[in-house]
Structures are given as C-alpha cells and as structure tokens.
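Dear colleague,

Please find the structure below. A summary of the findings follows it.

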Amino acid sequence: MGNYYQPEIECASREQIRAWQDERLVKQVRHVYENVPYYRALMEKKGVTPEDIRSVDDLHKLPFLTKADLRDAYPYGLLAKPLSDCVRIQSTSGTTGRRVVAFYTQHDLDLWEECCARALVAAGGTKDDVVQVCYGYGLFTGGPGLNGGSHKLGSLTLPMSSGNTDRQIQFMCDLGSTILCCTPSYAAYLAESICERGLRDQIRLKAGIFGAEAWSEEMRQDIQDKLGIKAYDIYGLTEISGPGVSFECSAQTGMHINEDHFIAEIIDPETGEVLPDGEKGELVFTSITKEAFPLLRYRTRDICILSHEKCSCGRTHVKMTKPMGRSDDMLIVKGVNVFPSQIETVLLNKGYPANYQIIVTRVNNSDQLDVEVEMTPEMFSDTVKDISNREKELVEALKSMLGIYAHVKLVSPKTIARSEGKAVRIIDKRKLY
Ligand code: DLL
C-alpha cells in the first residue's frame, strides 16, 4: 500500500520526463533487440540497429508493430523474458481467431497496478475508499487492473466482476461503496436501476472510473446526474498492459498518459508519418519499462489528438482526447471486440451471399447487434419454418464466433442496398464519437 499521487513523477518538468524517456527507450530497444527475434528481424529489414536509437528523436526510425504482428507471433513470439519469469497472462476481449495474449512479470504487474492506482487517486481515491470493481475479471484486463490499483492504494476492494445487478446494488448500499469501476454502459444501467428502485439516497458513491469503450459527454452528464458523482474516463489496451495507460483528472478534459512508462505518438494512419501535437491521427505506443511484453511503436488503431497544454490539476503528462474512432473497422459491442470480417466468415461458410448489413444500436444503455442477411433465391423459396431455423442456426454460429448474441434477420434477395463505391456494411447508430 502506498501513496500513489506522485507529483515528483506526474508533475515533473517536461525536461525531466524527456530525460526519463530517452534513457528508458535506449535500454528498452536493446532489451527487445536482444530477446525478441521477431522484432529484431523487423529492425534488420528496416536497416536499424540499437545504436541508431539514442533518444526519443530517433523513435521514428523504428518499425511499427500491428495487431497482425501479434497474431503472427502468437503466442510466444514477442515475449522478451523467459516464460518462467512471467507470472500472469491476460487477453483481449476479441474472440479466438483474433485473440491477443500479453505476458507480465511481477515487475510488469506492479507498474500496471501503479498506473491504475494513479487513476484512482486522480478520481479522488484514498486508502479510506471502498472501491467496487464491476469490470469483468479473468482474461479481460479491466477487473484485474483496477483491482490491483485499488489494492496498491490500500482501499477496501470489492471484486464484484460484471453482472448480477441486484447484488451489485445491494453491496453498494450495504458496504457503502464510494468509487465505482465499470464500463460506462454498465454504469448507465446501474444508475438507471438505482433510480428506478428509489435507492439513490442509500448509495455513497462519489466517483466512477469508466472506460474500455467509447462514451459521449451526454452519457457522462447523465451518469453524473443520476448517481450524484464525478465520472472519469480511463483508457488502455491489453497489448500495452490494460486500463491505466491514461486516465482523467479533476479537469475532465482528456486523459493523462503515464509518460514515464509509455511514449505516445500520433501518426497519419495512411502514410505512417508522425504528426505534430494537436493533429488528429492514430495513436501509437512504445512501452519503455515493461519486461515481458514490451511493444515498440504499437499501432493502436485508435484515432485521437494529443495535447501538451497546461492542465489545471498540475500534472504535466501529455493528455489524449477520448478516442474519436478507429482506423480499422473494429467495433466494440458490449465491451467485446468485433470485426465485420468475422461475421462475413460465418455467413460465407454457411452458404450466404456477401450481402449483409451490421447494425449496432444502444437500447436501454446496452449495445444491440443486428445482422441482416440476404438469402439466395433458393433459400427464399423455403418454408417460413425453415427460414426461422436458418436464423436460429446463424445466431448460434455468430455467438460461437463472436462470443456475444446477435439478432439475425434473413431478408429477401436483392433487398440490401448495393453501393457504387465501398460497401457500407456497418451502421453504427450509437453516436459514440
Ligand atoms: O478495454 C482495457 C480497459 C479496461 C480500458 C478497463 C479501460 C478500462 P482491450 O479489451 O484490449 O482493453 O481493448 C482496447 O478498447 O484500443 C480502444 O479501442 C478501446 N478503449 C479502451 N478504453 C477506452 C476508452 C481494454 N476510455 C480497446 N474510450 C482500445 C474509448 C476505449 N475506447
């Protein structure tokens, strides 16, 4: 347990932050070059050696890593420490074919949890708080990350995991939870349920730390009003450790990136060129302190803007905006990463034509996934019962591919609008960005 407001780090001068980053980057590049043949080959292909990287100014010389590399190197190809030195594995919320596994040494867990502890402190957390963690536990990083952060801070931690809303609310009232950690959509649902049951007076929440998916300012306002709390955003990704890569402070105007551990760049997603501060582009991270799974120049696919403007909280670490979209077509539905190509694979395997539409909506603060699929003329002449059975079969196949439920509707041939340019397969009505 300790004091995780670390002004000497979080409010350090830009020169000091830069000095840490220069030193740690040089060390990290050597560590990766010597221990990760996969990345060494990428560097050699680009004609870069560790000697070429003398400071952050040289970062642009290093090759990028993408999710495709992580899949190629699955499961151990990017490991930079012997497996016997690792103490934990976590994985992304994607499904089997797309899963990414990340490894942690004890040192890596400590720094990850420290980042989460900083996020809790920035939301007003102290050792006297009761922190209710309703992110999923298990392979997903949400539960374990915030749980670890809360422990580090010395707060009383309620490891609830997600679901079972009745029990969540009962514990929240009985045990006087003061900080709530979950996805924003679950927070909105909890808020609604608490108000409906007339229990608003019986909760003692003061703050919430909500992330893992996009949420709007309107949603923030709604949750804050209903629960009488301040709602803070938190960002992160499994590949880079999990939640806590960046987090909001009292200013609630963007998330401070833990720059003593991660170097952030914004690039043009088309050309890979590094963009100046204030320009919108794809966020790229280099992890400079991790031992087991230290990714260099990892392309997150999240689109955002960085800002070095002075923050009223006193922290000097660079701030990122909420992600404003993605440079690939990944959707996050109910917290699960969904690629349209996975849906297409299921449809084509089952003999459907590639004419389909994916519609995502938010119903009662929860995501709903609808898939409309055209039948072939032969299928269309089937009986109503056969068609209904086909729909059920597709629901099952999609559930097993995606891990979540999708509503399926089979429609007549040639009813889904054809496009003259790129097919518009996804209609996201959630207005998240
Ligand atoms: O979602 C880690 C996390 C857990 C973050 C709990 C915050 C709280 P992944 O499952 O690997 O990890 O998904 C990472 O989720 O690239 C973003 O596209 C998206 N994402 C994460 N946080 C936010 C956020 C966790 N605050 C992917 N706002 C990332 C918008 C977010 N999108």
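The helices H2 and H3 are roughly perpendicular to each other (65 to 115 degrees between N-to-C directions, on a scale from 0 to 180 degrees). This is a predicted model, in which local features need pLDDT of at least 70 and side-chain atom pairs count only at pLDDT 80 or more, while totals for chains, interfaces and linings use all residues. Residues are numbered from 1 along each chain as its sequence is written, and side-chain values use heavy atoms, without hydrogens and water.

H2 (residues 14–35) packs against H3 (residues 37–46) at about 105°, with axes (lines fitted to C-alpha atoms over the stretch in contact) 6 Å apart. Helices are DSSP runs of H or I of at least four residues, and strands are E runs of at least two. Among the residues in contact (heavy atoms within 4.5 Å) are Val29 and Tyr33 of H2 and Tyr39 and Met43 of H3.

Leu62, Leu283 and Phe285 have the most contacts inside the largest nonpolar core, which has 69 residues. Such a core joins buried (under 20% relative accessible area, 1.4 Å probe, protein chains only) Ala, Val, Leu, Ile, Met, Phe, Trp, Tyr and Cys residues through side-chain atoms within 4.5 Å. Helix H5 (residues 106–122) gives the largest share, 9 residues. Leu62 also touches Val29, Tyr39 and Met43, among others.

S17 (residues 356–363) and S18 (residues 366–374) pair in the antiparallel sense over 8 bridges, and Gln357 has Glu372 as its bridge partner in S18.

Yours sincerely

Notes
Buried < 20%, exposed > 50% of the residue type's maximum accessible area, 1.4 Å probe, protein only. Parallel < 35°, antiparallel > 145°, perpendicular 65-115°, else oblique. Pairing = 2+ DSSP bridges. Lists of a residue's contacts leave out its neighbours within four places in sequence.
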